[in-house]
Amino acid sequence: MAFTTTMLAWSVLEFGDDMPRDERRHAADAVRWGTDYLLKTVAHPGVVFMQVGDPWKDHECWERPEDMDTERTVYNVTTGRPGSEVAGETAAALAAASIVFRAEGDREYAELLLANAKKAFEFADTYRGAYSDDPDLKAAGCPFYCDFDGYQDELLWSAAWLRRASGDDKFQEYIQVNGKTLGAEDNINEFGWDNKHAGLNVLVSKEFIDGVALSMQSYKESADSFICTLIPESSSPHIQYTPGGMIYKPGGSNMQHVTSISFLLLTYAKYLSKSSHTVNCGDISVGPDTLRLQAKKQVDYLLGDNPMKMSYMVGYGDLYPQRIHHRGSSVPSIKSHPERMACKDGTPYFDSSNPNPNPLVGAVVGGPGEDDAYGDERADFRKSEPTTYINAPLVGVLAYFVGNPNTGHIRH
């Protein structure tokens, strides 16, 4: 949820000017929904609340949220049981959002967010550790929400956002001093809720590209290296593409990579276009237009230009997923079925081959596998489950193409 909020805020920061005014306000409202919650999670000194609900018990039930009566067990990280990745990402979200609300004219809320972002970062950095290393938190979070990539990237990522939000040199110095020891040069081709490296490199490289912080050149080089893996014509080792042209990484919920990487392509193109910088990919030099075209191909694929001729956004186009892995969408609503439905009462609807009665319009599912095939099966959660962290970066991506309709041909 924190990463979702960070990416929604980044979407508004980079591409809010491409949004119609009403849509920008809606996007800011969505960011505030996230930050209002995240502020509560850091309201007590020395504690960050990280999870509400036992996922093992919740996953046993297929029921509507209105009927849930499973225990609302609360999990937190503390000074003695650290979780730098959750505290760090919370700091990043609050810092990024503070820039949004300063631009929106809500200075008081922006200052509240920034102050709490600094506190969350201080907590994450002072009490270093991964929540998955604690036996109790590991039992509660894994295998659903394990931290596989460590907390070090979140420390750099949150420092980068605090630098951008505050302009304070101490956060730039933190990145310079700690970059190597915190693994800034590791896993530079990954970006998602668990691994921030490629996003960190794009974010930090802005100051180098703008000529503000020449000491950040290594982050520009890492960002370039990542970008080159996305360019099929380059001599770099490539990311995998499906036969139909979709970015593909193993592990399920693949559209998270499509949307987050498309966002980075467009953001990096924006930074490059305001300078004379290009990306040197061995024997070819790549400019902003090439990056935008790569992003456009991914969005076109997601919206229906693919071998299945299917849109992977619910409610968009003529053919889209009908049986998504989502309780509220698949179980009859309280309007059509006002009687209470207990924990297991929704199971027949889970097992049914009928379309979901409540389309979750706008949700993007995990999408097809490496063969471009999508079976539209509710039980196949790796393909049919929508997530907030798939949708969040797509907000900025779609905003860019709304504001720049002549970038190749984008589906309408």
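I began with methionine 19, which I found buried, with a relative accessible area of 11% (buried means under 20%, exposed over 50%, partly exposed in between, with a 1.4 Å probe and protein chains only). Methionine 19 lies in the loop between α1 and α2 (21–41); helices are DSSP runs of H or I with at least four residues, numbered from the N terminus. Setting aside neighbours within four places in sequence, I listed the contacts of methionine 19 (heavy atoms within 4.5 Å) as Ser11, Val12, Arg24, Ala27, Val395 and Ala399. I also checked methionine 19 against glutamine 172: they are 153 residues apart in sequence and 31 Å apart in space, C-alpha to C-alpha.

A note on the ground rules: the model is predicted, so I kept to local features with pLDDT of at least 70 and side-chain atom pairs at pLDDT 80 or more, while totals for chains, interfaces and linings use all residues. Residues are numbered from 1 along each chain as its sequence is written, and side-chain values use heavy atoms, leaving out hydrogens and water.

Next, the aromatics. I searched the whole structure and got 18 aromatic pairs, where rings of Phe, Tyr and Trp (its six-membered ring) pair if their centres lie within 6.5 Å, with planes under 30 degrees apart stacked, over 60 edge-to-face and the rest tilted. Phenylalanine 15 and tyrosine 400 have ring centres 5.9 Å apart and planes at 70°, so I logged the pair as edge-to-face. This pair joins distant parts of the chain, from helix α1 (residues 2–15) to helix α16 (residues 388–403), 385 residues apart. Phenylalanine 15 is buried at 2% relative accessibility, and tyrosine 400 is buried at 8%.

I then turned to phenylalanine 144 and tyrosine 145, a tilted pair at 6.0 Å centre to centre with 40° between the planes. Phenylalanine 144 is partly exposed at 25%, and tyrosine 145 is partly exposed at 38%.

Ring pairs also link a cluster, whose members include Phe3, Trp10, Phe15, Trp157 and Tyr400.

Which ring does the charged end of lysine 270 sit over? I found that of phenylalanine 15, with the charge 5.8 Å from the ring centre (NZ of Lys or CZ of Arg within 6 Å of the centre and within 35 degrees of the ring normal). Arginine 32 has its charged end over the ring of tyrosine 109, 4.3 Å from the centre.

Last entry: serine 98, in helix α4 (residues 84–103), is buried at 0% relative accessibility.

Conventions. Helix = DSSP H or I, 4+ residues; strand = E, 2+ residues; numbered from the N terminus.
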